[in-house]
Amino acid sequence: MNTRTDRFSEKMQTIPPSAIRKFFDLCIGHDDIISLGVGEPDFPTPWAMREEAFYHLEQGHTSYTSNWGLTELREEIAKYLTKYDLHYDPSKEILITIGVSEAIDAVMRAILNPGDEIIVCEPCYVSYQPLAKLCDAKIVSLDTSKTGFYPTAEEVEKIITPNTKVLMLCSPSNPTGRMCPKEELAKIAEVCKKHQIWVFSDEVYCELVYDDKKHCSIASMPGMKDYSVVLNGFSKAFAMTGWRIGYVACPADLMAQVHKLHQYSTICAPIMSQYAALEGLRNCASEVEKMRLSYQQRRNLMSSRFAEIGLPACEPDGAFYYFVDIRSSGLSAEEFATKLINEYNVAVVPGTAFGVGGEGFIRCCYATDINKIKEALNRIEKMMNDLRAGKK
């Protein structure tokens, strides 16, 4: 038996497992549990995209692509980004990655040195802090729960120091679904230019925006391209979670560093996924719109039902998550989520999984069959009624 005390990386041993997966794993093998946990579309990838992948498999197109990704896919992404007033050279400023997760990891490792500070707007997606920690960066948490769950320029500037190197944004947000207003983004852009810090902008939910709102990228602000990294992909809007296909767009000098890391760590994204994504950009906008409208319908259902149940929440502007205030239950977020799954067979994620500002909240994903959502909400209502009646 190996008795060495240093068998594993000390750094990795300080990284906790994902709390999202903890509650997801509890659902496995239990068909009676309704999951509002993992943020995964319940739609299949549009048929035209699957058919395109089948075609290339049949043609024997199963090789590596360039490390950069298919030229035609990068060119199509460049065209797509102009929709949001973003202009990138597909030959040296766009890189195809293994989902947005690889893109975030790669740009962090390309930019952060030990001791550099990264401001993370929390509550946030669970991977940001661990990936920054693996770079030996100092994580500076910005609690957005007091400002409507989006950052303000004033709050950002308060915590900038000479060691600040990166501001991490996600709009629309996971886990809250909130968007940073365009006028606030413009102010944040001025702060970032003033202090010459990078902005990592996770925009994977940019197509899933509701109520006639429009997505705005901070990278489109005057002078911000030189300070911005745009992170995006196909998992959410195109229902391609299992295909693992994303991309990063950034200035060429930074991309040269990111590209090296991508070469050594993953080589390239799967060729079949790249062809499917290309078909999606060219011909599947109407399918994306159908999914978006369905999510909006489900969001509206949750909005009315949570109001009836007496659980307040900021209505999401986009994505497919509701961040629900459960403090009136008298339970912590972890206690609430545990009781809900063990006694009422509904899985949600405690807000504490997403960092500061998450205590007293749960995240409910509405990328789930609407009838299952209705039943899950009925069960949540029953739990709240039982708690109010003093039942254990």
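By its relative accessibility, does Asp212 count as buried or exposed?

Analyst: Asp212 counts as exposed, because its relative accessibility is 76%. (Exposed means over 50% relative accessible area, buried means under 20%, and partly exposed is in between, using a 1.4 Å probe and protein chains only.) Before we go on, keep in mind that this is a predicted model: local features need pLDDT of at least 70, side-chain atom pairs count only at pLDDT 80 or more, and totals for chains, interfaces and linings use all residues. Residues are numbered from 1 along each chain as its sequence is written, and side-chain values use heavy atoms, with hydrogens and water left out.

Let's stay with Asp212 for a moment. You'll find Asp212 in the loop between β6 and β7. (Helices are DSSP runs of H or I with at least four residues, strands are runs of E with at least two, and both are numbered from the N terminus.) Its backbone is worth a look too: phi of Asp212 is positive, about 65 degrees, although Asp212 is not a glycine. Asp211 also has a positive phi, near 60 degrees, and Asp211 isn't a glycine either. Asp211 sits in the loop that runs between β6 (198-202) and β7 (228-233). With 35% relative accessibility, though, Asp211 counts as partly exposed.

Glu122 and Pro123 are joined by a cis peptide bond, with omega about 0 degrees. Pro123 belongs to the loop between β3 (117-122) and α6 (128-134). A cis peptide bond also links Ser171 and Pro172, this time with omega about -5 degrees. Look for Pro172 in the loop between β5 (164-170) and α8 (182-195).

Now for a buried residue. Tyr344 is part of helix α12, which covers residues 333-344. Tyr344 counts as buried because its relative accessible area is 11%. Set aside its neighbours within four places in sequence, and Tyr344 is in contact (heavy atoms within 4.5 Å) with Lys339, Arg379, Lys382, Met383 and Asp386.

The axes of α4 (residues 71-81) and α10 (residues 271-283) come within 10 Å and cross at roughly 35 degrees. (Axes are lines fitted to C-alpha atoms, for helices over the stretch in contact, and angles run from 0 to 180 degrees between N-to-C directions.) On the α4 side, the residues that meet α10 are Glu72, Leu73, Glu76, Ile77 and Tyr80. Their partners in α10 are Gln274, Tyr275, Ala277, Leu278, Leu281 and Arg282.

Finally, zoom out to the whole chain. The protein chain has 13 helices and twelve strands. Take the contacts between residues at least 6 apart in sequence, and 77% of them join residues at least 24 apart. Of the 392 residues, 54% are buried.
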